[in-house]
Every structure is written in C-alpha cells, then in structure tokens.
Amino acid sequence: MAIFTPRGLKIRLPFNYAFALIARLYPKIDAFKVLKTTEGLESIPSLIIFVVGLICFYLRLSPFEIGVYVFVASIAGFLIILFGLYIIPGLDYLGTFYSYISGFGILLILLAVYGFITVGWQGVLIFFIARFLSGIVKMVMEMMQVKKNHSKIGLALTLSETNFLNAYRLHASKLGKTTNITVSDEELKEENWKPVFEDLATKWPEVVRRFTRD
C-alpha cells in the first residue's frame, strides 16, 4: 500500500515500516503531523526561492543578479533537504507553514506581479528561467542519489521518501527518541502500528482514502 500526504505527495515505503516509525512517536506526534512535516520539508526549496526572489525584486537587482541568486538559492534549498541539513532553526516549521499557504500557485503569481512592478518583465522572466534551469539540475542530482541509495541499501529512495524519513528524525530528536530508522520485526507487527493508522483513519479519512495498493 502506497502512502500519500494530505496534498498527495507519494511516499514509496512499505506501509508497515512507515507506520512502525510513526508508532515510536505516537501519541505525542500522530501520523498526520509527520505527513505534514514531510510536505513542509518538500516545500523548503520553494520557500527559499520565494524569499530570495522577493528580496531580489524588493532590492531591484539586475536580471543577471536575480538569475544567479535564484539559481543558487534553489540548489541550496535542494541540498538542504537531500542531506537533511536543517541548519536554520525552525526551517522545518517555516516549510510546513509555507506548504499550507502555497497551494494553486497563488503566491508565485503574486510574486510575479510584484516583480513586474519593481524590476520589469525581464527580471521576472529571468527568475522563472533560473528556476527552470535549477529544476533540471536538481532532477539530475536526485536521479544520481536514487541510484546511489539503490546500490547501497537496495531501495530506490526518492526525495519524497527521504523527506519522510527526515521528518521522522526531526520529531524523534525533539522527543528524545531514537533517530535510527531501522525497525525491528516486533515493531513491524500490525498490532504495534495499527492504532496509529486507525487514529489517522478516524481523524483524517480523506487522507487515508488516498492510500493505494501497489
């Protein structure tokens, strides 16, 4: 069964394994909280690009400067979540907050309008070009990391799975729980994690309805 976050991000991890990890945090941290944190971590690069773009437009930088800063910021944000480098305190919370308010591209549209007013269409165009080019670089880097994970541990972990595991680690660290993502056979038994799943199904049935059998 494939797990999905509230906004539809697919997490390709064994169902019992994912919920066995969450069971270590429950009831202080429930499954919905972990899934939302996963979305938040996924949103960190977009958050950083948005903030850097806003600053560039506010300072009325040249198109070249906008392109450089946005490209670098995008790659930096990607590396932060790829390697779990949450060096800025509260960055995970900011990412989660951003994931709540960034739906349907509304913030991006508002940013583009603001950019058009402050730096003109050239600056806005360069912003999106830099964003697009960095996206290609990030895709290549993620593919390389997936291959590395597969050869090392036998699992093709994409960024979504990495963010889920890092979401677990963040919450576990705050609760004083182990951040080791290896689970025992006892933890994988259904009676261990079923209450966590049932709690999610009761409180957020619309989230559970997204889950599918692979």
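Helix α3 meets helix α7 through Phe78, Ile81 and Leu82 on the α3 side and Leu159, Thr162, Asn163 and Asn166 on the α7 side. Sorted by class, that contact has four nonpolar residues, three polar ones and no charged ones. Keep in mind that this is a predicted model. Here's the rest of the picture, starting with how these two helices are set against each other.

**α3 against α7**
- Two packed helices are described by the angle between their axes and the distance between the axes.
- For α3 (residues 63–82) and α7 (residues 159–175), the axes come within 9 Å and cross at roughly 60°.
- An angle of 65 to 115 degrees would count as roughly perpendicular, so α3 and α7 are oblique to each other.

**A closer look at Asn166**
- Asn166 sits in helix α7 and is one of the residues that α7 brings to the contact with α3.
- Is Asn166 buried or exposed? Its relative accessible area is 8%, and the cut-off for buried is under 20%, so Asn166 is buried.
- Setting aside neighbours within four places in sequence, Asn166 touches Leu41, Ile81, Gly84 and Tyr86.
- Of those partners, Ile81 belongs to α3, while Leu41 belongs to α2.

**α2 against α4**
- The other helix pair to look at is α2 (residues 31–58) with α4 (residues 91–101), whose axes come within 6 Å and cross at roughly 90°.
- On the α2 side, the contact is made by Phe32, Lys36, Thr37, Glu39, Gly40, Leu41, Ser43, Ile44, Ser46, Leu47 and Phe50.
- On the α4 side, the residues are Leu91, Asp92, Leu94, Gly95, Thr96, Tyr98, Ser99 and Tyr100.
- Split by class, the contact of α2 with α4 has nine nonpolar, seven polar and three charged residues.
- Leu41 turns up here as part of the α2 side, and Leu41 is also in contact with Asn166.

**The chain as a whole**
- The protein chain has ten helices and two strands, and along the sequence they run β-β-α-α-α-α-α-α-α-α-α-α.
- Its C-alpha atoms fill a box of roughly 60 × 40 × 35 Å along the principal axes.
- Of its 214 residues, 47% count as buried.
- Among contacts with a separation of 6 or more, 77% are between residues 24 or more positions apart.
- The accessible surface comes to about 11500 Å², and carbon and sulfur atoms account for 66% of that surface.

How values were computed:
Residues are numbered from 1 along each chain as its sequence is written. This is a predicted model: local features need pLDDT of at least 70, side-chain atom pairs count only at pLDDT 80 or more; totals for chains, interfaces and linings use all residues. Side-chain values use heavy atoms; hydrogens and water are left out. Axes are lines fitted to C-alpha atoms, for helices over the stretch in contact, and angles run from 0 to 180 degrees between N-to-C directions. Helices (H or I, at least four residues) and strands (E, at least two) are DSSP runs, numbered from the N terminus. Angles under 35 degrees count as roughly parallel, over 145 as roughly antiparallel, 65 to 115 as roughly perpendicular and the rest as oblique. Contact means heavy atoms within 4.5 Å. Ala, Val, Leu, Ile, Met, Phe, Trp, Tyr, Cys and Pro count as nonpolar, Asp, Glu, Lys and Arg as charged, and the others, Gly among them, as polar. Buried means under 20% relative accessible area, exposed over 50%, partly exposed in between (1.4 Å probe, protein chains only). Accessible areas come from the Shrake-Rupley method with a 1.4 Å probe; for residues, only the protein chains shown count as cover.
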